[in-house]
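Please look over the sequence and the structure below.

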Amino acid sequence: MKVVVPKALSKAGKNYLSEHDFELIEAPDDKQETILKVGKDADGIVLMTDPFDNQTLTKFTNLKIIARHGVGFDNVDEKFAGEHGVYVTITPMANASTVAETTIAEILDLSKNLTKISDEMRQGNFAYKLDHMGFDLSHKKIGVMGYGRIGRQVAEKANALGMDVLIFDPFVKETKIGKLVDRDTLISQSDVITLHLAVTDQTIHGFGKRELEMMKKSASLINLGRGALVDEQALIDALKTKQINGAALDVFDEEPLPLTSEFYKLDNVLLTPHIASNTKECMERMAVDSASEVVRVLSGEKPKWAVNKIK
């Protein structure tokens with residue numbers, strides 16, 4: 001059986017598939033047209049974050065599983081795939097701790113202006129720090145929107161830093177850390193807001209002009225979830241006018257973020273190119289976990305982490 005894998009997939013994942021006697025087809029990039037071109041008769045696909053639409057899916061004649069390399073699956077229509085006999089799986093156990101660590105790292109960077117001050121120092125501007133002081137996190141309120149695996153670990157780590165944790169998640173009824181509050185309370189009271197929600201019809205661009213106007217002027221927005229959670233133009237306007245203090249963004253509507261984006265012109269936003277899970281250990285875990293789902297399905301077993309049902 002044939003499995004299409006990204007060229008960038010960790011060697012551990014490729015080895016796992018090879019050891020189970022599957023033929024690997026390496027796609028030179030992650031575009032759906034490329035995957036189709038090199039592996040139209042593939043039985044399985046390990047998919048990164050690029051879009052994989054329904055029209056493309058129907059062109060695969062033997063496909064039985066699309067194994068997402070990560071936890072988000074908004075780039076594929078899981079219901080449509082299930083109706084066509086294709087499992088869509090994720091790797092929920094692989095990256096939560098890493099993404100939580102990166103979230104805290106970006107909050108720390110933003111709170112102390114580390115990256116910008118370092119860049120200015122390299123240009124000989126040693127006085128930049130005097131007009132661009134940071135802020136303490138201890139005793140500040142952090143609002144965690146979305147209290148799944150990642151959100152819980154962010155809350156734990158923020159709590160260890162002495163932050164007061166506010167949590168919004170309509171599906172969570174109790175918590176051992178912090179305080180469950182309604183959405184508007186979290187937005188209006190938090191000093192730092194971090195987004196860890198799934199992308200749904202209700203959350204797409206759900207953080208927009210209204211929410212930004214509700215935030216404290218001294219507050220910052222952190223998004224390592226999905227670009228679609230935030231209305232980018234509304235955020236750009238809020239950062240331009242100093243309506244909020246700042247933002248740290250790792251995900252965007254279009255990735256890579258085009259160099260023409262207005263975000264690059266702003267000095268109160270920390271930009272990173274979707275690196276939340278970018279550690280050697282995490283990449284190996286995601287590669288092996290996605291590969292193991294392929295092996296299960298193509299061996300006639302049920303997957304562990306399917307997000308759909310097949311007909």
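The paragraphs below go through these topics in turn.

This is a predicted model, in which local features need pLDDT of at least 70 and side-chain atom pairs count only at pLDDT 80 or more, while totals for chains, interfaces and linings use all residues. Residues are numbered from 1 along each chain as its sequence is written, and side-chain values use heavy atoms, with hydrogens and water left out.

The chain has a mean pLDDT (the predictor's confidence in each residue, from 0 to 100) of 97, and 100% of its residues reach 70 or more. Helices (H or I, at least four residues) and strands (E, at least two) are DSSP runs, numbered from the N terminus.

A nonpolar core is a set of buried Ala, Val, Leu, Ile, Met, Phe, Trp, Tyr and Cys residues joined through side-chain atoms within 4.5 Å; buried means under 20% relative accessible area, exposed over 50%, and partly exposed in between (1.4 Å probe, protein chains only). The largest such core has 28 residues, and Ile 193, Phe 207, Met 215, Leu 221, Leu 235 and Phe 263 have the most contacts inside it. At least two of its residues come from each of β7 (164-168), α9 (183-189), β9, α11 (232-240) and β11 (246-249). Helix α11 gives the most, with five residues. Beyond its neighbours within four places in sequence, Ile 193 is in contact (heavy atoms within 4.5 Å) with residues including Gly 143, Met 145, Leu 186, Phe 207 and Met 215. Another core, of 25 residues, lies apart from this one and includes Leu 137, Ile 150, Val 154 and Ala 158.

The structure holds 14 salt bridges, each a side-chain nitrogen of Lys or Arg within 4 Å of a carboxyl oxygen of Asp or Glu. In one of them, Lys 2 pairs with Asp 41, with the closest N and O atoms 2.8 Å apart. Lys 2 lies in strand β1 (residues 2-6) and Asp 41 in the loop between α2 (32-39) and β3 (44-47), so the bridge ties together parts 39 residues apart in sequence. Lys 2 is partly exposed at 26% relative accessibility, and Asp 41 is partly exposed at 32%.

Lys 240 and Glu 262 form another salt bridge, with closest N and O atoms 2.4 Å apart. This pair links helix α11 to the loop between β11 and β12 (269-271), 22 residues apart.

Within helix α12 (residues 280-298), Glu 284 and Lys 280 are four residues apart, about one helical turn, and their side chains meet in a salt bridge (2.8 Å, N to O). Lys 280 is exposed at 61%, whereas Glu 284 is partly exposed at 29%. Elsewhere, salt bridges that share partners join Arg 183, Asp 184, Arg 210 and Glu 211 into one network.
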